[in-house]
Amino acid sequence: MVSIAQNILQVRHRLNAACEAAGRPADAVALLAVSKTCPPEAVREAFEAGQRAFGENYVQEALAKIEALADLQPRPVWHLIGPLQANKTRVVAEQFDWVHSVDRLKIAERLSAQRPAGLPPLQICLQVNISGEASKSGVTLDELPALAQAVAALPRLTLRGLMAVPEPAEDLAAQRLPHRRLREALEALKAQGLALDTLSMGMSADLEAAVFEGATVVRIGTAIFGARPRPVG
């Protein structure tokens, strides 16, 4: 049976190969291990294999995991990548380092107000519904510039960039299109004076397409932890 450590090594080889093919440095893209629905023991195994950044979708599950792994040093970097409800912003502001899924000013304002003064600013990505799917969260491209300017002005937050979960596609060329649109959206915001440096895009099935289009963070779950059990409830 292949271990999580072996899977991480394989993903890193795949990521390095994609960076080389795209003419980018191997360290240009960070690996975010998506540990949603995985037990703390799986995260611990990944941590012991050198992985430090972990992405979680469900706030309550993540909080239990953060507590169970509080002994790990250095502290893992926790990223919330799933939808965030207004009634859960306080614990996220207190416990997470990054939030990739901000798509409303109200959520950003609450995170800003609730981020403890003793912690570094919360790192924020705006989630864009890049494929226009009714079932997906995210701001539209038309709404993005106003939201980005408003969030960038909030205290206790640092707006870093954009995140998207594109509609699945079979071939590399089709996979690259939505990632290209997200990159172009980031470049447009930078042209408006925003200091952004993060494109959170690409998962197990479309890692290469995302790297070719400028991803700086790829969110990899299945290729590291295997197929997920369905979450309880």
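**Entry 1: the cores.** I began with the largest nonpolar core, which has 64 residues, and I noted Leu111, Ile124, Leu126 and Leu162 as those with the most contacts inside it. Helix 1 (residues 4-21) gives the most to this core, namely six residues. Apart from it I found another core, of five residues, among them Leu32, Val34, Ala53 and Val217. For my own reference, a nonpolar core is a set of buried Ala, Val, Leu, Ile, Met, Phe, Trp, Tyr and Cys residues joined through side-chain atoms within 4.5 Å, and buried means under 20% relative accessible area, exposed over 50% and partly exposed in between, with a 1.4 Å probe and protein chains only. Helices (H or I, at least four residues) and strands (E, at least two) are DSSP runs numbered from the N terminus.

**Entry 2: what I am looking at.** This is a predicted model, in which local features need pLDDT of at least 70 and side-chain atom pairs count only at pLDDT 80 or more, while totals for chains, interfaces and linings use all residues. Residues are numbered from 1 along each chain as its sequence is written, and side-chain values use heavy atoms, with hydrogens and water left out.

**Entry 3: Leu162 and Ser200.** Leaving aside neighbours within four places in sequence, I looked up the contacts (heavy atoms within 4.5 Å) of Leu162, and they include Leu126, Leu182, Ala185, Leu186, Leu189 and Ser200. Ser200 is found in strand 7 and is buried, with a relative accessible area of 0%. With the neighbours within four places again left aside, Ser200 is in contact with His100, Leu162, Met163, Ala164, Val217 and Arg219.

**Entry 4: helix 7.** I then checked the span of helix 7 (residues 172-191): at 1.5 Å a residue its 20 residues should span 28 Å, and its end C-alpha atoms are 28 Å apart, which agrees; the expected span is 1.5 Å times one less than the number of residues. Helix 7 bends by about 25° at Pro178, the bend being the angle between axes fitted to the seven residues ending there and the seven starting there. Its buried residues are Gln175, Pro178, His179, Leu182, Ala185, Leu186 and Leu189, and what covers them includes helix 6 (144-152), strand 6 (157-163), strand 7 (198-200) and helix 8 (207-212). At the start of helix 7, a side-chain oxygen of Asp171 reaches to within 3.1 Å of the backbone nitrogen of Ala173. After helix 7 comes Gly193, whose phi is positive, near 105°.

**Entry 5: salt bridges.** I counted a salt bridge wherever a side-chain nitrogen of Lys or Arg lies within 4 Å of a carboxyl oxygen of Asp or Glu, and by this rule the count comes to 11. Arg183 pairs with Glu187, the closest N and O atoms being 3.3 Å apart, and, being four residues apart in helix 7, these two are separated by about one helical turn. Salt bridges that share partners join Arg176, Arg180, Arg183, Glu187 and Glu213 into one network.

Arg44 and Asp71 also meet in a salt bridge (3.0 Å, N to O), linking distant parts of the chain, with Arg44 in helix 2 (residues 40-48) and Asp71 in the loop between helix 3 (59-68) and strand 3 (77-80), 27 residues apart. Arg44 is partly exposed at 25% relative accessible area, and Asp71 is partly exposed at 49%. Lys65 forms a salt bridge with Glu56, with the closest N and O atoms 3.0 Å apart, and here I found both Lys65 and Glu56 buried.

Terms used: Polar contact = N/O pair within 3.5 Å; in protein donor to acceptor, adjacent residues only side chain to side chain.
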